Amino acid sequence: MFVISHTTLTWQRYNIYILLQKIDYIKIIVKMKGFFKTLLASFIGIFLAMFFGVMVLVSVVGALTASTGSTPSVPKSTILKISDVTIGEQNAEGDIDPTSLIMGGGNLSAGKQVGILNAIRAIENAATDPAVKFIYLNPTNVSADLTTMEEFRNALVKFKESGKAIITYAESYSQTGYYLCSVADKIYVNPHGSNSVYGVASSLTFFKGALDKLGVEIQLIRHGKYKSAGEQFVNRDISPANREQNQAMISSLWNTIATAICESRDIDIKTFNNHINNLTASDAENMVKASLADATMTRDKMIEELTGLFGVEDEKDVKMTSLADYAQATVKPNVKASDKIAIIYANGEIKQGSGDGICSDDYAKIVSDVRKDSTIKAVVLRVNSPGGDAIAAEIIRNELELLRKVKPVVVSYGGYAASGGYWISAEGDKIFTNESTLTGSIGVFSMVPNFGKIVKEKAHVNIVNIKSNDHADMMTITKGLDKEEVAHMQNSVEHIYDTFLSIVSNGRDMTTEEVDAIAQGRVWSGTDAMKVGLTDEIGTIVDAIQYTENISGLKEYQLVEYPKSKSQVEKLMESFGQAKSSIDILSNPEAAVEDMVKELKKISKTVYARMEYNYVFEN
């Protein structure tokens with residue numbers, strides 16, 4: 001079953017309950033400040049010593065790796081094994097575990113992530129590679145979000161056209177795992193195994209009652225009938241509009257999953273849904289009866305099956321190559337080509353400034369550099385973002401507009417291209433979406449928290465504001481907005497919403513009235529977004545690249561990716577920086593609370609073009 005867990009909005013990271021605890025106990029912490037400083041000074045010294053020790057170790061390991069070579073080889077005859085792999089937006093080196101290294105145990109890294117483009121290219125190569133006899137797929141530890149699974153599954157569908165087989169086996173199948181594996185020629189399951197295909201569900205949590213008891217007020221200013229961002233803080237229950245859009249979205253996602261499964265397994269979709277609704281296909285025996293599996297098989301029998309299919313008698317002679325190794329060995333850039341197509345990955349939350357996620361300063365520079373690079377002839381903008389800060393989105397969009405004046409920009413959507421994610425991409429020359437992409441959410445909002453009552457009643461702190469003008473204290477977060485201030489914020493929201501409509505109108509060749517009719521903050525699945533004109537074609541990132549190749553007239557080119565993936569050393573430096581930041585917070589708790597208050601004030605002044613939730617699909 002897919003349970004959609006809605007993660008919280010940006011400012012919620014500063015958990016209200018943690019803030020209350022800090023306020024209640026700040027006096028005690030301040031008294032202990034001297035003790036903390038003495039203790040932590042010693043700790044920091046030890047920490048820095050370990051840091052430099054680990055850096056030396058990483059340098060040595062890196063040098064050894066470079067000297068021995070790290071490109072894996074592919075046997076002359078092999079099975080491509082898809083198991084124990086994470087597939088994400090871009091290739092990424094494994095995360096270094098500095099604690100493990102310091103303690104003398106564990107591996108240097110936790111495992112690499114294969115980018116979806118490289119994963120698809122690897123499957124394409126395997127289809128024509130005489131060394132690859134067939135694919136063995138065990139989904140138990142294949143990790144990817146739903147849309148990435150959809151793209152990867154489409155690559156496996158095309159692989160079957162080569163005439164090579166896909167064999168899958170698992171002790172138990174999760175819903176995402178079965179969705180992926182349903183493409184296989186043969187599906188085997190352990191006799192005592194199970195199947196967790198139950199459907200898609202959404203669970204929303206509303207905090208209004210708890211906040212009222214605590215004395216915390218949230219003032220929500222928004223535009224959009226369906227813009228339910230912040231609704232969980234101002235309502236005790238879901239609004240009819242929010243229920244409508246969530247139901248439509250969930251139904252569309254399930255239809256994508258169920259249709260793909262039924263087409264691959266040649267099952268009537270009504271019969272399939274009856275099995276799901278009546279829980280009559282959740283164990284191994286009933287999976288076979290429902291045509292969801294071909295046979296039950298123990299692990300040792302599965303090994304015998306693979307040995308026979310590979311054409312050898314002894315399992316020791318069976319050669320398997322992992323997807324990660326095969327991709328690394330066979331997917332190579334065309335370094336001889338002088339012309340390039342750039343892929344710009346816009347992955348994460350949209351923010352102002354610089355840092356992790358889609359930060360306006362960083363991405364403005366990336367887009368500007370790509371525009372000025374004469375060797376780059378065209379661009380694919382890959383968007384996987386729920387949105388974020390509206391001003392940051394506009395800064396990036398403006399740079400992309402300048403880019404489009406000199407080079408084609410084709411858009412590919414990952415799991416999300418919503419609100420700010422749609423803002424930056426709506427004017428692309430062509431938009432490719434996956435069926436399970438969540439997009440649209442054309443709406444804006446702002447939230448202003450008021451902690452005045454709780455500060456006074458819980459922390460027994462009286463705050464007196466001295467001001468020069470009537471509204472000088474409107475963003476202090478210790479008082480509510482009055483009518484004039486709410487109207488002022490609403491005007492700001494309306495202005496940004498109108499700007500959003502104009503951007504979409506220009507990009508999608510619609511009138512603003514037509515855009516407004518399908519906007520109002522509503523979230524659409526990729527399938528439904530196509531129907532209402534927000535996107536152009538259902539397709540993967542590979543389809544977007546092929547289209548870009550065609551319109552640019554390039555026959556020989558090199559793919560270059562932005563931003564560059566971080567190295568292990570860069571990740572290590574970041575992890576130590578975060579650790580030092582945590583130490584600073586412990587040694588100076590008053591400053592930490594002050595920073596928290598500053599961040600809350602900043603958020604109060606921000607107008608968001610962001611999807612109301614991050615939808616996390618949990619098996």
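Two strands pair if DSSP finds at least two bridges between them. Helices (H or I, at least four residues) and strands (E, at least two residues) are DSSP runs, numbered from the N terminus.

This report concerns a predicted model, in which local features need pLDDT of at least 70 and side-chain atom pairs count only at pLDDT 80 or more, while totals for chains, interfaces and linings use all residues. Residues are numbered from 1 along each chain as its sequence is written, and side-chain values use heavy atoms, with hydrogens and water left out.

The protein chain contains 23 helices and 24 strands. Of its 619 residues, 49% are buried (under 20% relative accessible area, with a 1.4 Å probe and protein chains only).

Three of the strands form an open sheet in the order β4-β3-β6, with parallel pairing. The edge positions belong to β4 and β6, each with a single partner strand, so one side of each has no neighbour in the sheet. Strand β3 pairs with β6 in the parallel sense over two bridges, and V85 stands opposite V142 in β6.

| Element | Residues |
|---|---|
| Strand β3 | residues 85–88 |
| Helix α4 | residues 116–128 |
| Helix α5 | residues 146–160 |

The axes of α4 and α5 come within 9 Å and cross at roughly 10° (axes are lines fitted to C-alpha atoms, for helices over the stretch in contact, and angles run from 0 to 180 degrees between N-to-C directions). Helix α4 is therefore roughly parallel to α5, a term for angles under 35 degrees.

Methods. Parallel < 35°, antiparallel > 145°, perpendicular 65-115°, else oblique. Buried < 20%, exposed > 50% of the residue type's maximum accessible area, 1.4 Å probe, protein only.
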